[in-house]
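The following paragraphs go through a structural model, starting with individual side-chain pairs and moving on to strands and helices. Please keep the sequence and the coordinates at hand.

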Amino acid sequence: MKNTSKHNLELSAPKRLPGDAMRITPLGGLGEIGRNMTVFEYRGKLLIIDCGVLFPEENQPGIDVILPDFAAIRDRLSDVVAIVLTHGHEDHIGGVPYLLKERADIPIVGSQLTLALITAKLAEHGIKPPTSQVEANDRVKMGPFDLEFFAVNHSIPDGLAVAVRTEAGLVLHTGDFKMDQFPLDNRLTDLGGFARLADEGVDLFLVDSTNADVPGFTTSERDLAPAIDEVFRNAPKRIVVSSFASHIHRIQQILDAAERHGRKVAFVGRSMVRNMEIAGRLGYLKVPAGIIVDLKRLEKLPAQQAVLVCTGSQGEPMAALSRMARREHIITVGEGDTILLASSLIPGNENAIYGVINALIRWGATVVHKGNAKVHVSGHASAGELAYCYNILSPTAVLPVHGEWRHLTANAEIAVRTGIPRDRVHIIEDGVSVDLRRGVTSVSGRIPAPHIFVDGTTMGVATDAALDDRRVLAEEGALTILAIYDGRTQELVEELEFFAKGFVEEPGWQSNARNTISAAITKARSNGARLTPEGLEKLITRAVSQWLLRRHRREPIVTAIVVDA
């Protein structure tokens with residue numbers, strides 16, 4: 001069978017799905033870390049697994065989050081039988097409020113903690129959908145889809161893998177997972193359940209690729225305890241811990257260390273406070289008595305007794321840690337304070353993170369992070385664990401998901417090395433469909449799956465072109481030229497005015513710019529052109545832009561405004 005999955009860009013739209021086939025279409029999460037969303041179609045009904053966000057990079061200024069494109073299912077929202085959430089991280093649940101704004105009564109299926117996190121988030125948007133709580137080993141029907149859930153461990157409790165059964169075949173989707181043999185919550189990835197599925201026959205295996213290029217096995221969460229304990233033992237003053245607001249396992253280790261060393265803990269940031277309250281209330285976070293205090297009380301304690309837990313481990317400009325680094329936060333970081341970055345570094349955020357680290361060090365703080373101490377481990381299976389899963393499951397076909405191209409390709413190579421034929425390992429990208437029919441998979445086509453930008457209160461309005469303009473504004477600035485023009489005489493009646501923002505040049509440039517514009521007008525008139533205000537605006541913009549590039553190697557955004565006198 002010819003493998004067409006390597007030629008994604010040449011694919012056309014998929015043909016009509018046969019009645020006995022199931023179509024699997026990732027709308028996000030392939031070729032990127034985030035925006036995870038996969039749509040299953042069978043017998044006219046749709047099942048969605050995860051609906052997450054992608055966080056913007058430096059070259060996407062002003063963007064809050066990035067969503068999957070819902071256009072492919074917008075006309076079929078009434079066919080959606082459920083959204084199944086594998087776990088509670090933002091890259092898997094963050095897009096749900098935006099989708100439910102288009103149809104608020106789509107049932108949400110997930111574990112206890114995952115449902116608690118998403119319902120709290122939805123409440124902020126005034127949305128209250130029907131929910132269905134499931135546990136590991138549960139088996140439920142959602143429309144024509146027969147779903148079975150399996151425990152997996154990850155960096156957040158209560159994660160689930162999902163088996164999807166139809167007459168077309170059996171698909172297993174891992175969600176995010178690893179195979180920690182000593183997890184903090186003692187909840188192992190259910191390899192026995194995977195083996196049982198292998199006996200039944202897994203036709204397609206959708207598997208987490210995030211750590212596929214990392215050799216061996218992911219370090220256990222418990223192995224971090226000595227390094228975290230050393231940070232607490234050696235810190236002379238206040239400790240500020242920065243973590244994802246959903247990283248409950250790591251926060252548990254921080255609380256345990258704080259108790260051992262006689263410190264009190266305050267949570268900073270709305271999402272951190274909300275998530276830890278939910279985790280504590282449901283029993284996923286074991287909070288030692290009296291250890292949690294509010295920020296006002298913590299500020300009155302001696303520095304050597306204080307621990308703050310906040311967001312901002314990815315260098316997000318509005319997060320608490322970044323504002324502390326800029327001295328824009330109520331907490332003033334200084335000499336003797338210790339900053340503990342207790343999370344991984346998401347690709348694309350490197351410059352922002354190191355910028356925050358440098359600023360904190362400049363103020364005199366000691367910064368401890370994954371690069372200089374064993375204070376974080378990944379929540380994803382490394383190459384050895386993935387090989388182990390392939391050998392247990394012996395799937396007929398594989399679809400690597402959740403990762404950049406290097407991760408997807410590395411995962412595919414592991415599958416091939418365990419004996420899966422290369423033409424049954426589908427390396428695809430967002431929008432490409434894989435059809436499963438009578439246990440056999442094939443790549444069936446491609447639909448658009450662009451990034452949808454959330455910019456303030458708008459969704460899908462900001463475009464790549466708008467981001468290009470923002471980058472130019474950031475790098476080159478803007479130049480506005482005001483001209484008062486008499487259309488009857490074809491003459492400028494007042495001297496040109498220039499308004500620059502972020503654009504700087506040597507003295508005298510305005511005089512040269514005026515000469516350039518005058519020459520362009522004279523040339524146009526000598527050629528017999530009669531200039532309208534609109535035509536003059538285009539002429540001025542073009543002439544000044546070309547002159548700036550030719551003489552000064554600058555490309556600001558140039559806007560000409562012509563007022564007809």
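In this predicted model, arginine 35 and glutamate 32 are joined by a salt bridge between their side chains, with an N to O distance of 2.8 Å. Are these two residues buried or exposed? Arginine 35 has a relative accessibility of 1% and therefore counts as buried. Glutamate 32 is buried too, at a relative accessible area of 8%.

A second pair has another setting. Arginine 139 and aspartate 146 form a salt bridge in which the closest N and O atoms are 2.7 Å apart. Here arginine 139 is partly exposed, with 49% relative accessibility, whereas aspartate 146 is buried at 15%. The cut-off that matters for aspartate 146 is 20% relative accessible area, under which a residue counts as buried.

The side chains of aspartate 229 and arginine 233 form a salt bridge at 3.2 Å, N to O. Why are these two residues separated by about one helical turn? Both belong to helix α6, which covers residues 225-234, and they are four residues apart in it, so about one helical turn lies between them. Aspartate 229 has a relative accessibility of 16% and so counts as buried.

Salt bridges also link residues into a network, made up of Glu148, Arg165, Arg196 and Glu200. The count of salt bridges comes to 34. As a general point, side chains of opposite charge can pair when their charged atoms come close.

Now to the overall picture. The protein has 565 residues, of which 55% count as buried. Its C-alpha trace spans about 85 × 70 × 45 Å along the principal axes. The secondary structure comprises 16 helices and 26 strands. Of the contacts with a separation of 6 or more, 72% are between residues 24 or more positions apart.

Among the strands, eight form an open sheet with mixed pairing, in the order β7-β6-β5-β3-β2-β1-β19-β20. Which strands are at the edges of this sheet? They are β7 (131-133) and β20 (440-446), each of which pairs on one side only. On average, neighbouring strands of the sheet are turned by 20 degrees against each other, with direction ignored. In general, strands of a sheet pair through backbone hydrogen bonds, either parallel or antiparallel.

Both senses can be followed in this sheet. Strand β19, residues 432-437, runs antiparallel to β20, and six bridges join the two. In this pairing, arginine 437 stands opposite valine 440 of β20.

Strand β3 (residues 45-49) pairs with β5 in the parallel sense over four bridges, and isoleucine 48 has isoleucine 83 in β5 as its bridge partner. β5 also pairs in the parallel sense with strand β6 (residues 108-110), over two bridges. There isoleucine 83 stands opposite isoleucine 108 of β6. Strand β5 itself, residues 80-84, is mostly covered, with five of its five residues buried.

The last part concerns two helices. Two packed helices are described by the angle between their axes and the distance between the axes. The axes of helix α5 (residues 191-200) and helix α12 (residues 383-393) come within 8 Å and cross at roughly 40 degrees. The two helices α5 and α12 are therefore oblique to each other. On the side of α5 the contact is made by Leu191, Phe194, Ala195, Leu197 and Ala198, and on the side of α12 by Tyr388, Cys389, Ile392 and Leu393. The residues of this contact comprise nine nonpolar, no polar and no charged ones.

Terms used. Residues are numbered from 1 along each chain as its sequence is written. This is a predicted model: local features need pLDDT of at least 70, side-chain atom pairs count only at pLDDT 80 or more; totals for chains, interfaces and linings use all residues. Side-chain values use heavy atoms; hydrogens and water are left out. A salt bridge is a side-chain nitrogen of Lys or Arg within 4 Å of a carboxyl oxygen of Asp or Glu. Buried means under 20% relative accessible area, exposed over 50%, partly exposed in between (1.4 Å probe, protein chains only). Two strands pair if DSSP finds at least two bridges between them. Axes are lines fitted to C-alpha atoms, for helices over the stretch in contact, and angles run from 0 to 180 degrees between N-to-C directions. Angles under 35 degrees count as roughly parallel, over 145 as roughly antiparallel, 65 to 115 as roughly perpendicular and the rest as oblique. Contact means heavy atoms within 4.5 Å. Ala, Val, Leu, Ile, Met, Phe, Trp, Tyr, Cys and Pro count as nonpolar, Asp, Glu, Lys and Arg as charged, and the others, Gly among them, as polar.
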